[in-house]
Structure formats: structure tokens, C-alpha cells
Amino acid sequence: MIIYKDVISDDEIISDTYKIVEAPGGVLWEADCKKYTKGADNFQLEGANPSAEEADDGYGGGEGEGIMVHDIEEGFQLNWLKDNDKPSKDQYKSYLKSYVKKVNNHLKESGASAETIKEFQAGAAGAVKKILSNYDNYDVFMGSSMNGDGMHVLIDFRDDGVTPYATVWKHGLKGEKV
């Protein structure tokens, strides 16, 4: 398995266990993920008599209990920037400018090929435009370190309205075989 880590923060972001596809433009990856209710497992002990038990004894994990999470969020300990924590569109635009520069510098310093650097530079502006045009629809996540300079994972839903997918910067990741 390959774990992909952010080149800026070294946080684990995604792995090859997800079906990763390159988005148009060549600088973003998208991966379908799943959303589920964490902590809402409703189980019954063998031999228990549910008809004899009180309907709400405070010990169950029935409907309405638990919180909705994305599997990628749980698997990589991502932190969801909800409500007041989510940057405004202008703040995020400023972050993206800084992030793109950092990734570009990283590519140069790490000895990436001229072709790779050119691919990133050519596609970055289009990727920023795509992200900003859809920003209000994204759930924004930060890596486990909460490093403000690191990659933000963006999650939206496919056209079917049911399937969530994560968007990450391909050139902002380094793979580690585990």
C-alpha cells in the first residue's frame, strides 16, 4: 500500500486503497470516499431479550446518535473546518496562492523534473479557479497536525448527490510504500 503525505506538513492525506483519478488539468486528484454515521452502531448481546428491555435505556447506539464522518477523515485523522472555522472564500484564495508557491518551491528544491514542474505551473491556475468557483460546496479538512501551510483536503459530492469525493493536489503529495 502507498500512503500519500503532504510535502509541506508531512501529514498523511490519502492512500492508494482509494480509487484515485486525475482531474482535468493534471494537477488535482479526486478519490471517491464514503460517508457514514460514527458511533451509531446498534447491536444486541446474544441472549438479550429486546422486548423486555426499555426502549431508551441510554446505552444503545440507535438512530440519531453518532456523527456523520467521511472515511477519509477518520482514516487519516483529518480535521473538519466546520462553520466558523472554515475560511472565507477570500481567505482561502490567499491560502491557495501561498500553497501553490510552496509546492512549486518544493518541486524545484526536491529535484523534480522540468516536465513535472512545467505540468504543475501550467495547471495550477486552472485548478485554483476550479476550486474557488466551487468553494461554497466544499467541506474543508486540514491534516492531523493542523499546519495552516499544509494541504487542505476538499470534499464535495458527485453529480448523483450521494457519492462524496475528495480533491487533493497531486504535486503536493509524496508517496511512501508501507
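Three strands make up an open sheet in the order β2-β1-β11, and their pairing is antiparallel. At the edges stand β2 and β11 (173–177), each with a single partner strand, so one side of each has no neighbour in the sheet. Direction ignored, neighbouring strands of this sheet are turned by 35° against each other on average. Strands here are DSSP runs of E with at least two residues, helices are runs of H or I with at least four, and both are numbered from the N terminus. Two strands pair if DSSP finds at least two bridges between them.

This is a predicted model, in which local features need pLDDT of at least 70 and side-chain atom pairs count only at pLDDT 80 or more, while totals for chains, interfaces and linings use all residues. Residues are numbered from 1 along each chain as its sequence is written, and side-chain values use heavy atoms, with hydrogens and water left out.

Another open sheet has six strands in the order β3-β4-β10-β9-β8-β7, with antiparallel pairing. Its edge strands, β3 (20–22) and β7 (79–81), each pair on one side only. From one strand to the next, the twist averages 30°. Helix α3 packs on this sheet and touches β4, β9 and β10, and its direction makes about 140° with that of β10. Such angles run from 0 to 180 degrees between N-to-C directions, with axes fitted as lines to C-alpha atoms, for helices over the stretch in contact. Contact, or touching, means heavy atoms within 4.5 Å.

β3 and β4 form a hairpin with five residues between them, and glycine 25 in the turn has a positive phi of about 110°. Four of the five residues of β4 are buried, so this strand is largely enclosed by the rest of the structure. Buried means under 20% relative accessible area, exposed over 50%, and partly exposed in between (1.4 Å probe, protein chains only).

| Strand pair | Bridges |
|---|---|
| β1 and β2 | three bridges |
| β3 and β4 | three bridges |
| β4 and β10 | five bridges |
| β7 and β8 | three bridges |

Lysine 5 has glutamate 12 in β2 as its bridge partner, and valine 21 stands opposite glutamate 30 in β4. Aspartate 32 stands opposite tyrosine 165 in β10, while the bridge partner of leucine 81 is valine 140 in β8.

**The core and helix α2**

The largest nonpolar core has 42 residues, and Ile72, Tyr92 and Trp169 touch the most other members. At least two residues of this core come from each of several elements, among them β1 (2–6), α2 (89–109), α3 (114–133) and β10 (164–169). A nonpolar core is a set of buried Ala, Val, Leu, Ile, Met, Phe, Trp, Tyr and Cys residues joined through side-chain atoms within 4.5 Å. Not counting residues up to four places away in sequence, tyrosine 92 touches Pro87, Ile131, Leu132, Tyr135, Val140, His152 and Leu154.

Helix α2 has 21 residues and reaches 30 Å from its first C-alpha to its last, close to the 30 Å expected at 1.5 Å a residue. That expected span is 1.5 Å times one less than the number of residues. Buried residues in α2 include Tyr92, Tyr99, Val103 and Leu107. The buried residues of this helix pack against β1, α3, β8, β9 and β10. After α2 comes glycine 111, whose phi is positive, near 80°.

The C-alpha atoms of aspartate 6 and histidine 152 are separated by 9.4 Å, although the two residues are 146 residues apart along the chain.

Histidine 171 lies in the loop between β10 and β11 and counts as buried at 7% relative accessibility. Lysine 170 is in the loop between β10 and β11 and, at 16% relative accessibility, counts as buried. The side chain of glutamate 119 makes a polar contact with the side chain of histidine 171 at 2.9 Å and with that of lysine 170 at 3.5 Å.

Terms used. Polar contact = N/O pair within 3.5 Å; in protein donor to acceptor, adjacent residues only side chain to side chain.
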